[in-house]
Amino acid sequence: MLIFNSRDKAYKSIISALATDEKCKLRIIVPRDCKCSRAALAVTKENEDTVYYNMFWAGMCGNDYEYWELHFFAETPGLYFYHFELDTPWGKSFVKNMGGGKGALSAAGTEFQQTVYDKNFKVPEFLKGGIIYQIFPDRFYNSKTPKKNVPSVRVMREWGEEPYWNEEQMNGIWNNDFFGGDLKGIEKKLPYIADLGVSCIYLNPIFEAHSNHRYDTADYEKIDSLLGNEDDLKSLCKTAKKYGISIILDGVFSHTGCNSKYFNMYNTYDSVGAYNSKESPYFDWYKFSDYPNGYDAWWGIKLLPEVKEENESYRNYICGENGIVRKWLRCGISGWRLDVADELPDIFLDDLRKAVKAENENAVIIGEVWEDATNKFAYGQRRRYLLGKQLDSVMNYPFADAIISFVRFGNGEHFFDSVMSVVENYPPNVLNILMNHIGTHDTARAITRLAGPDPNGRDREWQHNNNKLSEYDYLKGVSMLKTASLIQFTLPGVPSIYYGDEIGMQGMKDPFNRTCMEWDNQNQELLKWYQRLGQIRKGCKALSDGELVPIYCSGSVIAYCRESENASCLVAVNNSADTVRIFVGTEWDVSYNFFDYTCADGFITLPPYRYTLLSKQ
């Protein structure tokens, strides 16, 4: 019998972050032969002294074990770490985390983590229970609307051609080929997007910039001319609302482009940029070491000079009453996704949240954080993204990696450990609106990640030569993507589809994952699958905010429930080559099955590489 398990309600009444002043019952089950005379909870709030709380003896557990309990709460937000200490005739014993939230008598384990967030922390509700669709604007759809004031240096390509990927093609000017996708094109395709059940579109950067990815912002105040103009964005937001779809934009605030009105290295703009003069109003935004050519740049890329987000002038420009953040919210967008959020200091994130919520308290702020966002270290300190004063949500890379790894390699224990770690550490309201992707513009496409060779550490030539799956691997990838997306759509949070994944588009990393949407070459089997998943999410209330409860795990076979007050659903996946029989309980004998496999006498029988989804209202 375990002494403690932080992921089991028999030991811990609340398996998530706690709100301030929220009481959580902690219980340890101690062997009688320890002859424990005192048990204590040792809690250390980060950067503070350890506080000890005496537990009370709460009775016997059978003949050989005894309960020790207490109720814990915290009055201030922060990150708390804890373990248990026992007084015995042989001295002090420690109960620490030996992995997976399981506590054992050992001084060699690690501390348990308890996140505590501000009880007044509220997040927008519009994402909950929905679906996000991510679009790389240049590559989604070209409306053929005439474009005005497009810079002549841009290389315009024919729709569907392979993006340039080597030095010879680009003549030294990287990411300079464009395919003409635009905002009007997205608006025209809203019926298609709505048929997927999408409730929110996330757009990669749309502001004026000189690379096709537009992460090198040239003017935060203008839509890039190739995409359209401000009226086109307003029209897109307005029309999308009719379909029940919100629009969120990518905010790139840790750096600008060197070819921007703020830096103006190439004198493209009439403004006096920081590169042009130390008297520039933008000079103090940047970090020069040897003016003008010695400056800090994002990841050392000289095309992307870093800004000093702490600078008051810059913060006012982005977060002020008439700043960039509020300007575009007034155009009808419903929030921001923050690029490299872990490179934005606290003072900037604090100001940005105040600006967003002052303009629209229901607008969302999603941060790009690749690790567990509750215990992330950046800027030499522990970050406080999700304690109530900064972000509403983050991109959920831990879930993405867990799903891809499970479907590809079949380690159910690792899958549940990764997923439950996030469930345990995150505020529950954040958990329900996490951006759950399995592919983005920064990763290989989902089907390639599942069925193709690993591109990490490989150069672009290798990726180009291995960019297309064999016919066998592609068919295998379709099956794997169905499994992965079923898990993605049924875990806590909001599934996010990267444009084209729903029709089986494949590709290695940038730029091969950013090809044009294949409107005339769609895998209809996958498209219908994703449309079905969208329908299921709308019909299964438990998928909106239901608690995640692991039910079964053995090697490559998993099952879990989502349980809410008036509804529940169960997912079972057999990712092995053998037929399996899983016991899930007789209460599932009377349930609706969305796929081919039901529950009888408490058991679900699944053939190799198959799955089922059951629902009870």
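A search of the whole structure for disulfides, defined as pairs of cysteine sulfur atoms within 2.5 Å, finds 0 of them. Cys 34 is accordingly in no disulfide, and the nearest cysteine sulfur, that of Cys 36, lies 7.2 Å away. For Cys 61 the closest cysteine sulfur is that of Cys 34, at 14 Å, which is too far for a bond. The model is a predicted one, in which local features need pLDDT of at least 70 and side-chain atom pairs count only at pLDDT 80 or more, while totals for chains, interfaces and linings use all residues. Residues are numbered from 1 along each chain as its sequence is written, and side-chain values use heavy atoms, with hydrogens and water left out.

The table gives the accessibility of several residues, where buried means under 20% relative accessible area, exposed over 50%, and partly exposed in between (1.4 Å probe, protein chains only).

| Residue | Relative accessible area | Class |
|---|---|---|
| Cys 34 | 10% | buried |
| Cys 61 | 13% | buried |
| Asn 5 | 10% | buried |
| Gly 452 | 3% | buried |
| Tyr 266 | 49% | partly exposed |

Asn 5 belongs to strand S1 (residues 4-5); helices (H or I, at least four residues) and strands (E, at least two) are DSSP runs, numbered from the N terminus. The side chain of this buried residue reaches the backbone nitrogen of Arg 7 at 3.0 Å. When residues up to four places away in sequence are not counted, Asn 5 touches Tyr 11, Lys 12, Gly 100, Gly 101 and Lys 102, contact meaning heavy atoms within 4.5 Å.

Gly 452 sits in the loop between helix H11 (446-451) and helix H12 (460-465). Leaving aside residues up to four places away in sequence, Gly 452 touches Arg 408, Ile 447 and Leu 469. The C-alpha atom of Gly 452 is separated by 8.3 Å from that of Asn 466, although the two residues are 14 residues apart along the chain.

On the surface, Tyr 266, Trp 299, Ile 301 and Leu 303 form a nonpolar patch, which together has about 490 Å² of accessible area. Patches are made of residues with over 30% relative accessible area and no salt bridge, with like charges joined within 9 Å and nonpolar side chains (Val, Leu, Ile, Met, Phe, Trp, Tyr) within 5 Å; a salt bridge is a side-chain nitrogen of Lys or Arg within 4 Å of a carboxyl oxygen of Asp or Glu. Areas come from the Shrake-Rupley method with a 1.4 Å probe, and for residues only the protein chains shown count as cover. Tyr 266 is placed in the loop between strand S18 (246-251) and strand S19 (288-290).

Note on methods: A polar contact is a pair of N or O atoms within 3.5 Å; within protein, one must be able to donate a hydrogen and the other to accept it, and residues adjacent in sequence count only if both atoms are side-chain atoms.
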